[in-house]
Amino acid sequence: MSLQSPPAATAAAALPLGAEPEHEQGSAAPPAAEEDGEDEEEEEEEGEKEGDKLPPIPAACGAAAQKDANSPFNTTEDSGINAKFVNVVYDALLNSPQDVQKSVLKGIINGLLQEWKGPRTKDDLRAYCILLQNPQFSNTSTYVIYAHLLRQIAALTEADHHFLVHWSKKISQRRFKQIVDRLLQFISLRLFPAKPEEFPPMEKCTWWIPSAAKVLALFNAANSLISPPIISYTDFYNSTLDHIDLMEEYHNWQCYGNSHRFSFCQYPFIISIAAKKVIIQRDSEQQMISIARLTRKRADLKKKLKVTFVGEAGLDMGGLTKEWFLLLIRQIFHPDYGESLMGLAVYNSITLDIRFPPCCYKKLLSPPIVPCDHNTLVGICDVALDDLFQIMPELAHGLNELLSYEGNVEEDFYSTFQVFQEEFGVIKSYNLKSNGDKIPVTNQNRKEYVQLYVDFLLNKSIYKQFAAFYYGFHSVCASYALLLLRPEEVEILVCGSPELDMSALQRSTQYEGYQKTDVTIRYFWDVVLGFSLDLQKKLLHFATGSDRVPVGGMADLNFKISKSEASTNWLPVAHTCFNQLCLPPYKNKKELKQKLIIGISNAEGFGLE
């Protein structure tokens, strides 16, 4: 293959940008060489071999797809790709001469333009897997080529996608993250291009973003298959979407579902928790307007709360509502109102200081919309031993020991598929399966025993109680927007984030009467940054009414420190309605620390002079 190729932009012009082609076919990887990297010259030849056309992709990239004669390369667990070789080639590619880089792009273009008939081969899928890792696609000048690659991958069959998902989970964390970031950047720059002239008109490439989103979904699926995941689920968030009309996206999704009309809500893992919060809040407001024409009673819970404490003066601009929830949460399990409280908090954008195990939020989303058929089970989800560790660590540890026991389980443990549970002082027995009391636990069936036992503890034994909790939550927080949420995101919406970043709070704090360079402010931050986590939480609760970090982080608190004209003998004062701390100009750091600790450690209630 000649390295004196035309520039990428010229070669890319051959790719169709408008109407969908009847069939866009993919590139096939070069055939196996006798040794990786040894016979690269032979792979540069264009033409046919055994009836298959080979794309003029540079041999170095093609060699990465060589098959070890002893490896099961047709399985989902082994792609047959030499990952180390791919990494070496791509690490060197960006430092290669321009003519080499252009030749690589030309080879990709030629491969994408090939006409293929019939299903893709595993070699084709390997080629796609390798090409997705090409760092050249970070450059906007290659986006036309990249878009066509993404469209072909998006159009593969479900079976082919299954292979790509399982192969992708084998990619190193660094490469995996680079691919995800590249796809997110591609979507962002297509939505808001820095130089619009670099791209074709939007009306001619409406398929760009849907194709990228679908490929991103494959990597999200791969990430979910690994425990712990390769990267955090938050790494799939695209903050650019915070600046588009999210409600239009939401309404399109509600009206058209997962049909041919694209909406980012079809791929909720891309939407940040902050954006989802906006959707839920606006959906809440629209429902509030709708229910105004309907009966009151239960529906009144969806109206925004305004709180007044008996015997205490105060204007509820948010702070009193937060205080009310924090006091009420101490009795969250009271049967009169406990089940609805969490849903009410989400709809009023209040974070609660509660500690439910993670599987609780999975159960709240099982299913995310209350079924019309009241006979349908709710709050039942897939649970595993890891979930039990969060609730009953000692029992979970014992079951884990059972699974790893090397002796004779039946003779040494003498257990059956019957378990015992104490209920109000009475020991009751339950069969985990039919005739369970007559079925011994053995080395062969112990995995089934553990799974049934965990399912019994976290689903069946608490079904009645959790179903009431489920219906209470959804009676207030009934919204299709819940379909967009992961269990972890529900937890953040309900509880906020437990991780405090006081340095971030310092950077976003506003001042009134003070400058950030004033000695009192310097004293304040020296003291606060040196506080224990417990004292930092008390400060946050004192100033904002909650010790949890809201969705969006510390910057969303709009925290303000105002200069108090009161005597320095006074303690600091807070206006939680405004997230405002009024701080007298104390004479020294020691006095400030002493007064601040007293104030934040003895604060509850509201009052206006």
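How far is the sulfur of cysteine 381 from the closest cysteine sulfur, and in which residue does that sulfur lie? In this predicted model, the closest cysteine sulfur to that of cysteine 381 belongs to cysteine 359 and is 6.2 Å away, which is too far for a bond, given that a disulfide requires the two sulfur atoms to be within 2.5 Å. A search of the whole structure accordingly returns 0 disulfides.

The largest nonpolar core comprises 93 residues, and those with the most contacts inside it are Leu149, Ile153, Phe176, Leu183, Trp208, Leu216 and Phe219. Because residues are contributed both by domain 1 (57-236) and by domain 2 (277-370 + 468-495), this core lies between the two domains. Phenylalanine 219, when residues up to four places away in sequence are not counted, touches Leu132, Ser168, Ile171, Phe176, Ile179, Val180, Leu183 and Phe236. A second, separate core consists of 27 residues, among them Leu505, Leu540, Ile561 and Leu592.

Turning to strand pairing, strand β3 (residues 418-423) and strand β4 (residues 426-431) run antiparallel and are joined by 6 bridges, with glutamine 421 standing opposite lysine 428 in β4. The two strands, β3 and β4, form a hairpin with 2 residues between them, and phenylalanine 424, located in the turn, has a positive phi of about 55 degrees.

Note on methods. Residues are numbered from 1 along each chain as its sequence is written. This is a predicted model: local features need pLDDT of at least 70, side-chain atom pairs count only at pLDDT 80 or more; totals for chains, interfaces and linings use all residues. Side-chain values use heavy atoms; hydrogens and water are left out. Two strands pair if DSSP finds at least two bridges between them. Helices (H or I, at least four residues) and strands (E, at least two) are DSSP runs, numbered from the N terminus. A nonpolar core is a set of buried Ala, Val, Leu, Ile, Met, Phe, Trp, Tyr and Cys residues joined through side-chain atoms within 4.5 Å. Buried means under 20% relative accessible area, exposed over 50%, partly exposed in between (1.4 Å probe, protein chains only). Domain bounds come from an automatic or database domain assignment. Contact means heavy atoms within 4.5 Å.
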